[in-house]
Amino acid sequence: MSNYSIKSLEQYFRVYRRSVEKPKKFWGEIAENNFTWFQKWDKVIEFDMQKASFTWFRNAKLNITKNCIDRHLASNGDKNAIIFEPNNPGEAPRYYTYNQLYVEVSKMANLLREQGIEKGDRVCIYLPMIPELAFSMLACARIGAIHSVVFAGFSANALSTRINDSTCKMLITSDGGFRGSKTIDLKKIADEALDNSPTIKKVLVVNRTGQEVTMREGRDYWLQPLLDNASATSQAEVMDAEDPLFILYTSGSTGKPKGMLHTNAGYMVYTAYTFKNIFHYRSDDIYWCTADIGWITGHSYILYGPLLNGSTTVIFEGTPSYPSYSRFWEVIQKHKVSQFYTSPTAIRSLAKEKIEYVQGFTLDSLKVIGSVGEPINEEAWHWYNDHVGNKKCPLVDTWWQTETGGILISAIPFVTPTKPTYASLPFPGIKPVLMDDLRNEIKENQKSGNLCIEYPWPAIARTIWGDHQRYIDTYFTKFPGKYFTGDGALRDEVGYYRITGRVDDVIIVSGHNMGTAPIEDVINEHQFVAESAIVGYPHDIKGNALYGFVVLKETGLWRDRNNLIKEINQLITDQIGPIAKLDKIQFVTGLPKTRSGKIMRRILRIIAEGEESDFGDITTLVDPEIVEEIRREKV
Ligand code: PRX
């Protein structure tokens, strides 16, 4: 179907117009012509924005793994589906053809069934970036179990919270994981988590590092021996379009993490269609996204999107700096990567190293380069464009969220002219609007506002697991009738969007969502801490870094400050993970609060950013004096 692949700007405008004027027809055709269904839908979409209720492809029946794997077997069975590039440079890459992927996923699916996992059960996956992570997710999808992947950098406490929230029955983990020069003791962390997670009845353990682990009898099983006995063919469960596919937790500005729920059909259609166009995927391409599968980017654009299009996707276990800052470029050269998708943080960290690390590698295979997760600043954009893309590869700055399932605003390579720091135009089917704080739509261009989306798209999250009211309150209430992204954006004179950052209490650090409240809760658990407030401040590499203002209890005042800082960061590492550690901690005697007790974070932000600017009206503060005191003692 011609609209599946957009080839010119003129076609984009035509397709876009059609997609927003006749969304049902548009999405119906995309879905009809490019996927395998057990049964077609009776209605393309039914929705109610106020209630955050979305039904896409009503009553259709499908299995996403039939589309990711089986569909390609006849024509492309011997094509590589996955190239696994291990962390340790001495270890050879592994290649899995679509035929092999079918066998691996079938065995795993059969094994899960044998172990008592049924349709609708939740399976938690806590694995490093190894092929078994992909096999496990696909195996769940094949039998209709709901996967909940938890990023392997999270702590025992974070893992346990997520397992408990969605009452997972099984955990799939590994003895350990390689990451740069380190090993991570995943099984040990999992054991600790499981002390507080009674719903897990079985643990399957991948042997990755060979390190010693404790196996609890009757609960823990090595994966491989079980797989050896499993059958290599499998039936795919017949899933309803709206049956859940996975839960993925994302940090909120308040309270516990939000388990965003994605369902089968809409997610499939949208991730496949966006992947095809935004990465300009063509049949012999080797595609590489460096994200971790533990985040939405990995779900949609390492696993599902690429496999749905029958592409070859690279799974990289390592880091950009190991064994040297050339690792990315070496891998691109070695596997002749055609599309490379990474984060601004990775680019900034590599751009600060000697240029020789990138020069000397043949990056000629590249066609398209991409960026995701946070705003890409002008300097990083140019470095990436000049030294990696060699000024010939379109750089797609892709804006989206865990909640959106797939990319909503991005250039389409060789179609949309790119503009540094601008995500550019909405993808077909997406209707962005900018709203002012008084809920009026900003119609003029060259203005900034709160970024909302007016009409649902197939991959929009359906709910927050177990808390639909929170889903409504967080995304559909502030601007009634619209999905509120939590981001601010600027629209330029031709209608290109530039994402300016979060407008709520979420801070994007190295591309990771950090809610301030969950971190503050952890800090406040410290025996000497009375209260705390966290804000972000600009950081050369990470985009934003975390600055904590901490008020001590009487008993804490005479403690050694350096020790306290270490203890607070250790507490954060233990409870959430090292990614949430604070870069700066300032002990203060009080926080700037309004009479109603609300912390005026705006003031703390100005201080943390080191700006000399005026604080504006601070007369509503209980104690305006505190502001200057905090500024004077800034660290
Ligand atoms: O603030 C936006 C930022 O990342 C947030 C979503 O984070 P998460 O759910 O973890 O998903 C990240 C990967 C899709 C957004 O609300 N963000 C994401 N992409 C961009 C971005 N900010 C600016 N430009 C982007 N391209």
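Modeller: Two packed helices are described by the angle between their axes and the distance between the axes. Here H9 and H10 are roughly perpendicular to each other, the term for angles of 65 to 115 degrees. Helix H9 (residues 264-278) and helix H10 (residues 296-308) cross at about 85°, with axes 8 Å apart. Axes are lines fitted to C-alpha atoms over the stretch in contact, with angles from 0 to 180 degrees between N-to-C directions; helices are DSSP runs (H or I, at least four residues) and strands are too (E, at least two), numbered from the N terminus.

Colleague: Which residues of H9 and H10 make the contact?

Modeller: Contact means heavy atoms within 4.5 Å. H9 contributes Tyr267, Met268, Thr271, Ala272, Thr274 and Phe275, and H10 contributes His299, Ser300, Tyr301, Tyr304, Gly305, Pro306 and Leu308.

This is a predicted model, in which local features need pLDDT of at least 70, side-chain atom pairs count only at pLDDT 80 or more, and totals for chains, interfaces and linings use all residues. Residues are numbered from 1 along each chain as its sequence is written, and side-chain values use heavy atoms, leaving out hydrogens and water.

Colleague: How many residues surround the ligand, and which are the closest?

Modeller: A residue counts if one of its heavy atoms lies within 4 Å. There are 18 such residues, the closest being Asp397, Thr398, Thr402, Asp487 and Arg502.

Key: Parallel < 35°, antiparallel > 145°, perpendicular 65-115°, else oblique.
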